[in-house]
Structures are given as structure tokens and as C-alpha cells.
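Please read the points with the model in view.

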Amino acid sequence: MLNIEIDGKAVQVPNGSTVMDAAHKLGIYVPHFCWHKKLSIAANCRMCLVQVEKAPKPMPACATPVTDGMKVQTHSAQAVNAQKGVMEFLLINHPLDCPICDQGGECQLQDLAVGYGASNSRYTEAKRVVFHKNLGPLISAEEMTRCIHCTRCVRFGQEIAGVMELGMIGRGEHAEIVSFVGRTVDSELSGNMIDLCPVGALTSKPFRYKARTWELSRRKSVSPHDSLGSNLIVQVKGEKVMRVLPLENEAINECWLSDKDRFSYEALNSEERLTSRSMAVRPSALSCRRTPRSRRWGSRRGSSTVLAATTSISGCGNRTFAATGTRRAFRGSACRSPRSARSIARSSSAASCARIIRCSRTGFAKRRRRARRSRR
Ligand code: SF4
Ligand code: FES
């Protein structure tokens, strides 16, 4: 164990810890952008500069290993001057569009600019503009001028998602985040890049301009889509689900969330969603005059779909899937009883659906036997 003193408070940390780890153990906040507890250390934003005793210049807390007897000041005049200098550089090109930015209210840069930013800029030269990128249907990269090159999104793809879909090209003022050879971001965890981006460069396309973060109320929940049971927070405005974010749980999903859990809330508000159990049934579906293909597949397919529909109805109560499933089931069903058809359309109870399955199976089997006999 190593002894270190931060802002006059002593703490012991294991070998290999960084000054940032020690500060967290003491509950001392060191301003940062590129550091993230789940990602490797890049130390490229320099916002975490702190004063280390006997060091000739401020050191990045996230990348400085602790040595025994080290004394660190995170809020001394030298440290704060260094942090303010970094902030001034970061704000040179960052647009002042906080009033319309989706990240407004939950932006690390916005928060830290209050403490470390100046009220005016000394930079009078031309500012740089980075053109938008198409990263697919989930992530919006329309305002890449906001990017501060922390490379969190790049490291996430490489280290957590296992697919390096984003990278940084160019150097200095010409550096920009791009996807590989114009491809979109398709990993199943891509939405986490939105959470990781400390500024509003990467935002959620489905949530874009729908609500401000302070208008949303939060409900803790558990993912209904798979057996993982990821913990999540459902953010609601009025009676409408506007956004789903991960709820940190080290034992299950850590601080990540799959795209399915994150974006499937869109189906709840979809205009295509069926909101009642009644539905139109095609007259042709009620008769036995079906195509040879449906006759061939009807019984097997129809029954399993009814089963799926029954599970949905009695399980999560998602009527969209349930109703769609039932309708499909009915189209492919071999049962020709109009009463059964109507009860499929009307019913949501598991018992009556089970009756229909039996009915459709028996009906199909009977007709098949009859056809065989007549052929003989
Ligand atoms: S897009 Fe966001 S996460 Fe990626 S490097 Fe830029 S600021 Fe960092
Ligand atoms: S947080 Fe340390 S350099 Fe970025």
C-alpha cells in the first residue's frame, strides 16, 4: 500500500493506483473529460492537471501513478490556473449553442465551464468547423465541431464493444472523429457512446430535440427484453417515455446498456402500435380457400405464433406484439371455425388461445386424413 496526501487529507491506496483513484477514494473531485473508470487512460484532455509537490509543472491526475509519500494539491493556485488554461483552449472552437444542444443540462463541459471558463475569449482568429458525419440511425453526429477529442467513443468501441467503429484522423487542429471508411456504427452497444460523450458531439437520434433533461422525471426499471435484466432508468415527460438510460449496477450491466434496451421504447409511442385488441379479420382468412403454401404451413406456423401471442398477452402485456402475433397466427391458421376466428381476434386470455391452437391442429389433421382417404 502507498501513502498519499491530497489537499491535506491522507489516504492509503494499492500499488499501481493513480492520483485520480486516490482522489476518488477521498471523495475529492478532480475536473476531467477523457478519464472514465471503465476505459483505458488516454490523458489527452489535460483537464485534470494538479499540483504535485516537487514536480516542475502540473501533472495529469488520471495518468500520474501514486508514489509513497506523494503530496498533491488539486485546488491550489497553480492547479486551478492550469485547469483554467485548458478550459480556455477547449472553448476556442466549441460552439456556444448550449441553448439548443441536446446535452444542455447534463454536459460536463457546460458544468466545468462555469467553474473554470472565462466570461470572454481572447481568441480572435478564424474558428474551425467540422462537418457532420452519418453514423447510422441511432447516433447523431451532426455537430462534430463540439467534439473535444477526448476519444472516449473510440476507446469504448475498441475496449468494451469489441468493434472499433470510430477512430480519430488528422492531428492538432485537423483532428476529427470519423467512422471507418464512411461506414455507419452498427454495434449492438453503440448507444453507450452517446452517454460517454462528455459534450454534445454524439447525441441520440430518436431523442433529438424531443425534450430538455430537466423536464424529464425518472423511474428505475429492469430491461424486459432479455434474461440479463439490465438495470435502467426510464425518463418520462408527461405520460410519454422519452428516453431510456442505463442504471449503474456493477453485478449486472455495469454502466452500459444494449441498443435494444435503450431504443425499443420507441415502439411504445409508435403510431403503428395497436392500442386495443379488436382487429379486422379478412373474410378470406375465415374460409378454407387458402393458397397451397398456407395450407402446407398453416397448422404448424399458426399454432406456434398463437402460442407466442398468448405468452406476450399474459406476460408483458405488450399489445402491439400480441395483436400482431395473433393476426399472423390467424392468417396461417388451419382452423376454419368462424367462432374460433372471432375469439382469436377478441380474446387475450391464455385459456381461449390454447383452445384455438387445439382447434386449428385438429381441424388440419382431420382434413389431411380426409384428403388421403379420397386419394386412395
Ligand atoms: S465525439 Fe464526444 S466522446 Fe468522441 S472524442 Fe469527441 S467529445 Fe469525445
Ligand atoms: S482526464 Fe486526465 S487528461 Fe483528460
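1. A definition comes first. A residue is buried if 20 or more other C-beta atoms lie within 10 Å of its own, exposed if 12 or fewer, and partly exposed in between, with C-beta atoms placed from the backbone. Tyr-209 is exposed, with 10 other C-beta atoms within 10 Å.

2. Ground rules. The model is predicted: local features need pLDDT of at least 70, side-chain atom pairs count only at pLDDT 80 or more, and totals for chains, interfaces and linings use all residues. Residues are numbered from 1 along each chain as its sequence is written, while chains are lettered from A and ligands numbered from 1 in the order in which they are written.

3. Overview. The chain has 11 helices and 13 strands. Both are DSSP runs numbered from the N terminus: helices are H or I with at least four residues, strands are E with at least two. Of the chain's 376 residues, 33% count as buried. Take the contacts with a separation of 6 or more: 60% of them join residues 24 or more positions apart. A contact here requires C-beta atoms, placed from the backbone, within 7 Å.

4. Strands S1 (residues 2-6) and S2 (residues 9-13) pair in the antiparallel sense over five bridges. Pairing requires that DSSP find at least two bridges between two strands. Asn-3 has Gln-12 of S2 as its bridge partner. Two residues separate the strands of this hairpin, and Asp-7 in the turn has a positive phi of about 50 degrees.

5. The cores. A nonpolar core is a set of buried Ala, Val, Leu, Ile, Met, Phe, Trp, Tyr and Cys residues joined through C-beta atoms within 7 Å. The largest has 48 residues, and Cys-48 and Val-50 have the most contacts inside it. Helix H2 (residues 77-93) gives the most to this core, with five residues. Apart from this core lies another, of seven residues, including Leu-232 and Phe-263. Beyond its neighbours within four places in sequence, Cys-48 is in contact with residues including Met-20, Trp-35 and Cys-62.

6. A three-stranded sheet. This open sheet has the order S6-S7-S10, with antiparallel pairing. Strands S6 (133-134) and S10 (203-204) stand at the edges with a single partner strand each, so one side of each is left without a neighbour in the sheet. Two bridges join S6 to S7 (residues 139-141). Lys-133 stands opposite Ala-141 in S7.

7. Helix H4 and its cover. H4 spans residues 152-161, and its buried residues include Cys-153, Val-154 and Phe-156. Among the elements covering them are strand S8 (166-169), strand S9 (176-179) and helix H5 (192-196). After H4 comes Gly-162, with a positive phi near 80 degrees.

8. Two residues to check. Most residues other than glycine have a negative phi. His-149 has a positive phi of about 60 degrees. His-149 sits in the loop between S7 and H4, and is partly exposed, with 19 other C-beta atoms within 10 Å. Tyr-209 also has a positive phi of about 60 degrees. Tyr-209 lies in the loop between S10 and strand S11 (217-222).

Technical notes. Two residues are in contact if their C-beta atoms, placed from the backbone, lie within 7 Å.
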